[in-house]
Amino acid sequence: MMENNDYIKCPENLVYSKPRLLNDNNMHYCPGCSHGVVHRLVAEIIEEMGVEHTTIGIAPVGCAVFAYNYIDIDWIEAAHGRAPAVATAVKRLNPDRLVFTYQGDGDLAAIGTAETIHAANRGENITIIFINNGIYGMTGGQMAPTTLEGMTTSTTPYGRRVDLNGYPLKITELLAQLPGTCYVTRQSVHTPASVRKTKQDIRKAFENSLAGKGTSVGDVVSTCNSGWKMSPVKANDWMVENMFPAYPPGDLKNE
């Protein structure tokens, strides 16, 4: 007769296990937040590629500032928006390393616009992981450059107005036009299928960086159910209905 824990010894019964590089620290993200899923994917990919000892992550200010508490690799914390500049220095000094940034839209597309655009235009051999939820999640839910037209935030309580606040900044489309980018993709992590696709694309971006092909950008359209004032389930539905038309998933550039 089989013991209760015999299934653990049968590899064919193992569906998922906790990535070895994912620490045991309790994550501070709100329930339903996309950050935790993407963190797991990054940990899985680095572990599967066997590059945990030669990977350096750059985490700037924002909800993901404490990424170094969760993924057991070398990290550098950058000033707000400056992650691509720091990543440029790290990669040029350590060309054999896998170097990536992990940034939110307020960081990447607002205060960090110059650093992001110029690093990508130079074709630095780094990967930029971009968590795009259309809002400043960490500091109180203010309007971000990616906030949709008509979307309510703490600083646009009646909705974003183009005549007052300008148009949403489609920074990913802009990056795809630059000659230094080799791979620009936009995905999500709200369903099992989308999680698998995002994992595949982040790995491809990492491989491009190690191969010296230029800058890769992985835009992950995400939810911020606390900032959006919605339940996690409703936030996923709202993202599909409202974010996807403005920021459609798929490859924008693949060279």
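This is a predicted model: local features need pLDDT of at least 70, side-chain atom pairs count only at pLDDT 80 or more; totals for chains, interfaces and linings use all residues.
Reader: What is the phi of Lys229?

Author: Lys229 is a residue other than glycine, yet its phi is positive. The value is near 60 degrees.

Reader: Which residue follows H4, and what is its phi?

Author: Helix H4 covers residues 113–122. The residue that follows H4 is Gly123, and its phi is positive. For Gly123, phi is near 75 degrees.

Reader: Which residues of helix H4 are buried, and within what arc do they fall?

Author: The buried residues of H4 are Thr116, Ala119 and Ala120. Seen down the axis of the helix, these buried residues line one face, because they fall within a limited arc. In general, an α-helix has 3.6 residues a turn, so residues three or four places apart point the same way. The arc for H4 is 95 degrees.

Reader: Which element supplies the largest share of the largest nonpolar core?

Author: The largest nonpolar core has 27 residues, and those with the most contacts inside it are Val38, Val42, Ile46, Ile71, Phe100, Ile129 and Phe206. Helix H1 (35–49), strand E3 (98–104), strand E4 (127–132) and helix H7 (192–210) each supply at least two residues of this core. With seven residues, the largest share comes from H1.

Reader: How many residues does the second, separate core have?

Author: Among the members of this second core are Ile56, Ala83, Leu175 and Val217. In soluble globular proteins, nonpolar side chains tend to be buried together. The second core has 19 residues.

Reader: Which residues is Ile129 in contact with, leaving aside its neighbours within four places in sequence?

Author: Ile129 is one of the residues with the most contacts inside the largest nonpolar core. Two heavy atoms must lie within 4.5 Å for a contact to count. By that rule, Ile129 is in contact with Val38, Val42, Phe100, Thr101, Tyr102, Gln103, Ile202, Phe206 and Gly218.

Reader: What distance separates the C-alpha atoms of Ile45 and Lys199?

Author: Ile45 is found in helix H1, and at 0% relative accessibility it counts as buried. Leaving aside neighbours within four places in sequence, Ile45 is in contact with Lys199, Ile202, Arg203 and Phe206. Ile45 and Lys199 are 154 residues apart along the chain, while their C-alpha atoms are separated by 7.3 Å.

Reader: Which residues does Glu44 touch, not counting residues up to four places away in sequence?

Author: Glu44 is found in helix H1 and counts as buried, at 10% relative accessibility. The C-alpha atoms of Glu44 and Pro19 are separated by 5.6 Å, although the two residues are 25 apart along the chain. Glu44 touches Pro19 and Lys199.

Reader: Where does Thr172 lie, and which residues does it touch?

Author: Thr172 lies in helix H6, residues 171–176. At 1% relative accessibility, Thr172 counts as buried. Not counting residues up to four places away in sequence, Thr172 touches Phe130, Val184, Arg186, Asp219 and Leu252.

Reader: Is Arg160 buried or exposed?

Author: Arg160 is found in the loop between strand E6 (142–143) and helix H5 (162–165). Its C-alpha atom is separated by 43 Å from that of Pro95, and the two residues are 65 apart along the chain. The relative accessibility of Arg160 is 5%, so it counts as buried.

Reader: How many disulfides are there, and why?

Author: The rule asks for two cysteine sulfur atoms within 2.5 Å. The closest cysteine sulfur to that of Cys33 is in Cys63, at 6.3 Å, which is too far for a bond. For the sulfur of Cys63, the closest cysteine sulfur is in Cys224, and 6.1 Å is too far as well. The count of disulfides therefore comes to zero.

Reader: Which residues line the largest cavity?

Author: A search of the whole structure finds one cavity of 30 Å³ or more, and about 30 Å³ of space lies in the largest cavity. Strand E7 (181–188), H7 and strand E8 (215–221) are the elements that give two or more residues to its lining. The lining residues are Thr185, Gln187, Thr198, Asp201, Ile202, Gly218, Asp219 and Val220.

Definitions and conventions:
Residues are numbered from 1 along each chain as its sequence is written. Side-chain values use heavy atoms; hydrogens and water are left out. Buried means under 20% relative accessible area, exposed over 50%, partly exposed in between (1.4 Å probe, protein chains only). Helices (H or I, at least four residues) and strands (E, at least two) are DSSP runs, numbered from the N terminus. The arc is that of the directions from the helix axis to the C-beta atoms. A nonpolar core is a set of buried Ala, Val, Leu, Ile, Met, Phe, Trp, Tyr and Cys residues joined through side-chain atoms within 4.5 Å. On a 1 Å grid over the protein atoms alone, a cavity is a set of points where a 1.4 Å probe fits but cannot get out, and a pocket is an open set with protein on both sides within 12 Å along at least five of seven lines; lining residues have an atom within 4 Å of a point. Grid points are joined across faces, edges and corners, and a volume is the space filled by probe spheres set on the points.
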